[in-house]
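The following note sets out points on the model shown below. It is arranged by topic and is intended to be read beside the coordinates.

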Amino acid sequence: MTAQPSSRRRRDPERRIAEIIAATERVIAARGIEGLTHRAVAEDAGVPLGATTYHFATKDDLIQAALQQAYERYAALLKDWVARRPDLTANQHIVLLTDILMECFGPNREYQALEYELYLAALRRPALRPVVDQYAEATLSALLPYTDLSTARAAADAMQGLTLRGLASTHPPGRAEVEDILRRILTPNPALNAPSEAAGS
């Protein structure tokens with residue numbers, strides 16, 4: 001008599017890990033970092049509680065996996081964005097970056113809030129800081145094709161501040177304000193490249 005194949009096939013471990021990480025993101029989006037538990041993730045993912053603790057022993061392990069995945073998604077989006085826009089004038093760059101920020105306050109608000117929730121978790125979790133460093137490097141890499149390093153750093157910091165204010169405040173900054181701030185940073189200023197009087201004396 002031929003043995004029947006088991007109806008309970010072993011689940012692909014990589015797929016299960018992906019399901020747990022995705023569930024972690026959904027739980028954080030709904031409840032915040034403080035509401036994240038292994039039990040909540042297991043219920044959302046539809047897996048046994050032991051599966052979450054087997055792959056991610058601590059809550060911080062879950063947070064780190066979700067942050068890493070969020071970073072990889074962010075970096076891929078930036079890389080694609082730049083690849084599709086090899087040449088931009090300063091004005092085009094300003095307008096397009098403003099478009100991105102306004103989407104953060106509108107259609108993409110839920111995802112952006114999740115990303116910042118994970119990002120800010122690094123304040124009290126040093127193990128997460130290398131991933132946060134990767135975020136900063138990815139943002140600079142996406143700005144550098146269009147401007148110099150100092151300007152890219154200023155723009156990156158301004159965009160981060162604007163995004164956080166837009167997500168956390170009662171009234172997010174309007175398009176005119178965002179565009180004005182970015183224009184002041186990204187408009188080329190020849191005076192910055194001129195040698196100082198002290199250097200010439």
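**Note on the predicted model**

1. Largest pocket: contributing helices. Helices H4, H5, H6, H7 and H8 each supply at least two residues of the lining of the largest pocket. Helix H5 gives the most, with eight residues. A pocket is defined on a 1 Å grid over the protein atoms alone, as an open set of points where a 1.4 Å probe fits, with protein on both sides within 12 Å along at least five of seven lines; lining residues have an atom within 4 Å of a point.

2. Basis of the note. This is a predicted model, in which local features need pLDDT of at least 70 and side-chain atom pairs count only at pLDDT 80 or more, while totals for chains, interfaces and linings use all residues. Residues are numbered from 1 along each chain as its sequence is written, and side-chain values use heavy atoms, with hydrogens and water left out.

3. Overall architecture. The chain has eleven helices and zero strands; these elements are DSSP runs numbered from the N terminus (helices H or I, at least four residues; strands E, at least two). Of its 201 residues, 37% count as buried, where buried means under 20% relative accessible area, exposed over 50%, and partly exposed in between (1.4 Å probe, protein chains only). Among contacts between residues at least 6 apart in sequence, 68% join residues at least 24 apart; a contact means heavy atoms within 4.5 Å.

4. About 840 Å³ of space lies in the largest pocket, the volume being the space filled by probe spheres set on the grid points, which are joined across faces, edges and corners. Of the 33 residues that line this pocket, Tyr74, Leu78, Ile100, Gln112 and Met159 are the closest to its centre. By class, the lining has 19 nonpolar, six polar and eight charged residues. Here Ala, Val, Leu, Ile, Met, Phe, Trp, Tyr, Cys and Pro count as nonpolar, Asp, Glu, Lys and Arg as charged, and the others, Gly among them, as polar.

5. Nonpolar cores. The largest nonpolar core has 38 residues, of which Leu36, Val41, Ile63, Leu67, Leu118 and Tyr135 touch the most other members. Helix H1 (13-31), helix H2 (38-45), H4, H6 and H7 are the elements that give two or more residues to this core, and H4 provides the largest share, twelve residues. Apart from this core lies another, of 15 residues, among them Leu101, Leu162, Val178 and Leu186. A nonpolar core is a set of buried Ala, Val, Leu, Ile, Met, Phe, Trp, Tyr and Cys residues joined through side-chain atoms within 4.5 Å.

6. Surroundings of Leu36. Leaving aside neighbours within four places in sequence, Leu36 is in contact with Thr24, Val27, Ile28, Val41, Lys59, Leu62 and Ile63.

7. Helix H1. This helix has 19 residues and reaches 26 Å from its first C-alpha to its last, close to the 27 Å expected at 1.5 Å a residue; the expected span is 1.5 Å times one less than the number of residues.

8. Helix H7. Helix H7 (residues 129-143) has 15 residues and reaches 21 Å, close to the 21 Å expected. Its buried residues are Val131, Val132, Tyr135, Ala138, Thr139, Leu140, Ala142 and Leu143. What covers them includes helix H4 (59-83), helix H5 (90-105), helix H6 (109-120) and helix H8 (149-168).

9. His93 lies in H5 and counts as buried because its relative accessibility is 3%. Thr98 is also found in H5 and is buried, with a relative accessible area of 0%. The C-alpha atoms of Thr98 and Ala176 are separated by 9.0 Å, although the two residues are 78 apart along the chain.

10. Ala168 and Gly106. Ala168 is in helix H8 and counts as exposed, at 65% relative accessibility. Gly106 lies in the loop between H5 and H6 and counts as partly exposed, at 36%. C-alpha to C-alpha, Gly106 and Leu167 are 9.5 Å apart, and Ala168 and Phe105 are separated by 9.9 Å.
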